[in-house]
Amino acid sequence: MAITPNEAAAALSEIENTTRRGMTLRGYRVAGPILMVWGLIWAVGYVAMGVLPVERWGPVWFILDFVGATVTIIMTGRGYARRATAVKAAVPAGLPWKLALGMVGTAAFVLGVVAIFPQGETAAYLALPGLVTGMIYMSIGLWSGLRYALIGLAVFAATLVGFFVFRSDLAFWMAGVGGGALFLSGLWLRKA
Amino acid sequence: MAAQSEDLIHQPLRLKIMAALYAERDVDPLDFPRLKAITQATDGNLGSHLTTLEKAGYVALAKDFVGKRPRTRVALTGEGRKAFRRHVEYLREVVEGVGDDAP
């Protein structure tokens, strides 16, 4: 069977698209359990904010974020290492450090914004992480897969709804809806 | 390895199946739903083309149970890998016009 250059180019393009789709779905499967962990951390953290005095929020989140970051780095490393060993390829250079720096950078950004916020407006403090998280996932989604963008949009929208409609119970709203959305999103990704 | 057109593989869905399996060649076999998601095929279409590829010796199907649910997993055979590489090499040569100037 003779194949024209155009047909051959189209076939190579299709192979590339299929390979990329497979990589995206594999990425979802690695990210799913990590998102479920963050859903739980999110829920615990916001419930703590709902029941503890303001001065205890910082230490609680410091511990929870440390646990979440450690679990994220370990699970991501395992996800890559398993495949890298199988195909005799290298784990992406400096991946754990990049992840850690990304999380530290995000935390620094949130803390920086909080530092210049008007003091005493607790609802704004409660909503900020939800908006930032939603924006991060929407940005990731533009490059790495539509599902991340949809998850980011859901978290962003849920945060705004909580801020404007359920402000008096915002901590518990964020725990249930935000944490629940992240956990369910993780399940959705894991099944990809 | 000589580049060579593989007519059996060149069919669009079979090409996607082979590409998806080649990308996972050294990891775990792909189960049917994941292969279906990657290739964006329907159940019937995917099953029919997998049968064709299996008869050609390019893929191996393994059926087992996870709990009470049946599971079909698919992997490339050694012959399938070679055939896919030959075909991709052939496609690249066609695109680059290799051999056009040969006497």
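Biologist: Which residue is the bridge partner of B:Val66 in E3(B)?

Modeller: This is a predicted model. B:Val66 belongs to strand E2 of chain B, which covers residues 59–66. Its bridge partner in E3(B) is B:Arg69.

Biologist: How many bridges join E2(B) to E3(B)?

Modeller: The two strands run antiparallel. B:Ala60, for instance, stands opposite B:Ala75 in E3(B). The number of bridges joining E2(B) to E3(B) is eight.

Biologist: Which residue in the turn of the hairpin has a positive phi?

Modeller: E2(B) and E3(B) form the hairpin, with two residues between them. The phi in question is about 65 degrees. The residue is B:Gly67.

Biologist: Which strands stand at the edges of the sheet?

Modeller: Three strands of chain B form an open sheet in the order E1-E3-E2. E1(B) pairs with E3(B) over two bridges, in the antiparallel sense. There, B:Asp31 stands opposite B:Arg73. Each edge strand has a single partner, so one side of it is left without a neighbour in the sheet; the edge strands are E1 and E2 of chain B.

Biologist: At what angle does H2(B) run to E3(B)?

Modeller: Helix H2 of chain B spans residues 12–23. It lies across E1, E2 and E3 of chain B. Its angle to E3(B) is about 85 degrees.

Biologist: Which element gives the largest share of the largest nonpolar core?

Modeller: That core has 27 residues. Among those with the most contacts inside it are B:Ile17, B:Leu35 and B:Val59. Elements giving two or more residues include helix H1 of chain A and H4 of chain B. The largest share is seven residues, and it comes from H2(B).

Biologist: How many residues are in the second, separate core?

Modeller: This core includes A:Ala43, A:Met49, A:Val177 and A:Leu189. Its residue count is 26.

Biologist: Over what arc do the buried residues of H3(B) lie around the axis?

Modeller: The buried residues in H3(B) are B:Arg34, B:Leu35, B:Ile38 and B:Thr39. What covers them includes H1 of chain A, along with H2, E1, H4 and E3 of chain B. B:Leu35 itself touches B:Ile17, B:Ala20, B:Leu30, B:Leu46 and B:Val74, leaving aside residues up to four places away in sequence.

Biologist: Which residue follows H3(B)?

Modeller: Its phi is positive. The value is near 55 degrees. The residue is B:Gln40.

Conventions: Residues are numbered from 1 along each chain as its sequence is written. Chains are lettered from A and ligands numbered from 1 in the order in which they are written. This is a predicted model: local features need pLDDT of at least 70, side-chain atom pairs count only at pLDDT 80 or more; totals for chains, interfaces and linings use all residues. Two strands pair if DSSP finds at least two bridges between them. Helices (H or I, at least four residues) and strands (E, at least two) are DSSP runs, numbered from the N terminus. Two residues are in contact if their C-beta atoms, placed from the backbone, lie within 7 Å. Axes are lines fitted to C-alpha atoms, for helices over the stretch in contact, and angles run from 0 to 180 degrees between N-to-C directions. A nonpolar core is a set of buried Ala, Val, Leu, Ile, Met, Phe, Trp, Tyr and Cys residues joined through C-beta atoms within 7 Å. A residue is buried if 20 or more other C-beta atoms lie within 10 Å of its own, exposed if 12 or fewer, and partly exposed in between; C-beta atoms are placed from the backbone.
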